[in-house]
Number of protein chains: 2
Amino acid sequence: MSEENKEEIKNEAVENPTEEVTEELTEEALEDIVEEEISELDQARADAEEWENKFLRANAEMQNIQRRSNEERLNLVKYRSQDLAKKVLPSLDNLERALAVEGLTDDVKRGLEMVQESLLNALKEEGVTEIATDGPFDPQLHQAVQTVPVDEEHEADHIVQVFQKGYQLHERLLRPAMVVVAQ
Amino acid sequence: MSEENKEEIKNEAVENPTEEVTEELTEEALEDIVEEEISELDQARADAEEWENKFLRANAEMQNIQRRSNEERLNLVKYRSQDLAKKVLPSLDNLERALAVEGLTDDVKRGLEMVQESLLNALKEEGVTEIATDGPFDPQLHQAVQTVPVDEEHEADHIVQVFQKGYQLHERLLRPAMVVVAQ
């Protein structure tokens, strides 16, 4: 556009050679052009500032997206085994029940223990751990399915018996331990 | 800046009142100002264009990041069970070996089959399937650990016996089936 403006100035000078005579008129025309240029300059500068702000916002948003995406990926990786681990837990329960059957031969018992061990190792390697039940009752980790009166052997709010083991993946609960609590 | 320029023009007019006398000098000064304004306008427009381009590039990059991040997330979710599934497979092998032991009582056998079934179901729900071994040998899915001569019962390149089952997660191989092939 500025080239066009220069062109306009030249053209006006060529097309209106009479203006050359009246110095004041030319001056006024030039002043008009200066005013116009200043207004166009203001506009161009406002445009530049607007695009710069848009760029800065887009850049900030991009960094946010990348940060969120990284957090999400780390979380997905950390808890990736959650679904399969949850579904494998009933197999562990079945193994424990099978091992509790009376009169197993040594071969069968060793076989069952081998399966149990390999399954527990697989889960452990993926971050699954058994929930401790040797301390006081914790409603975040234990589910009380029955209560018994406090006696000499069992303090109040302590676990008396475990019906079904509980498990967690890292610090996330997979399922609570089903317990009997002294009250 | 444009306000400053206007100010400069006014100041020059006030500080140099003698210029008012010589019309040609004022005209030249105005022409200089026009030239200067045009050059500043060019600069401002170039700046605006540069920031616009930077914004457009940042915007395009942002969309790329989002697309890649979505693809990555879908992939992470689809194959999330890969590691645990791989580690659970030896338990299935142990169960099969335990079930092959002679003289199991019905109770023990039922117990073992229950564990096996629940484990296979857990894996199946997560997208794990057993690799078929009833067709021709496929080096993408089967590993030949032994070969036997072709006979009336077994065609060339067909699987005669399975030493260890293979598994895949969706279309991704977890481990190949270990097989004996007729050749």
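## Cavity lining

In this predicted model, α2 (23-78) of chain A and α2 of chain B each supply at least two residues of the lining of the largest cavity. The residues that line this cavity are S69(A), E72(A), R73(A), L76(A), S69(B), E72(B), R73(B) and L76(B). By type, the lining divides into 2 nonpolar, 2 polar and 4 charged residues.

The volume of the largest cavity is about 40 Å³. The structure holds 1 cavity of 30 Å³ or more.

## Contact between the chains

Chain A puts 58 residues into the contact, and chain B puts in 58 residues. Between them the two chains bury about 5,700 Å², with 70% of this area on carbon and sulfur atoms.

## Salt bridges and polar contacts

There are 10 salt bridges between chain B and chain A. One of them joins the side chains of R73(B) and E72(A), at 3.4 Å from N to O. R73(B) and E72(A) are also among the residues that line the largest cavity.

Polar contacts between chain B and chain A number 15 residue pairs, counting pairs with both residues at pLDDT 80 or more.

## The side of chain B that touches chain A

Four helices of chain B, α1 (2-15), α2 (23-78), α3 (82-99) and α4 (106-125), each supply at least two residues of the side that touches chain A. The most comes from α2(B), with 32 residues.

On this side of chain B, the residues divide into 29 nonpolar, 8 polar and 21 charged.

Terms used:
Residues numbered from 1 in each chain as written. Chains lettered and ligands numbered in written order. Heavy atoms only, no water. Contact = heavy atoms within 4.5 Å. Buried area = accessible area lost by both parts, 1.4 Å probe. Salt bridge = Lys/Arg side-chain N within 4 Å of Asp/Glu carboxyl O. Polar contact = N/O pair within 3.5 Å; in protein donor to acceptor, adjacent residues only side chain to side chain. Nonpolar A, V, L, I, M, F, W, Y, C, P; charged D, E, K, R; others polar. 1 Å grid on protein atoms, 1.4 Å probe; cavity = no way out; pocket = protein on both sides within 12 Å on 5 of 7 lines; lining within 4 Å. Points joined across faces, edges and corners; volume = space filled by probe spheres on them.
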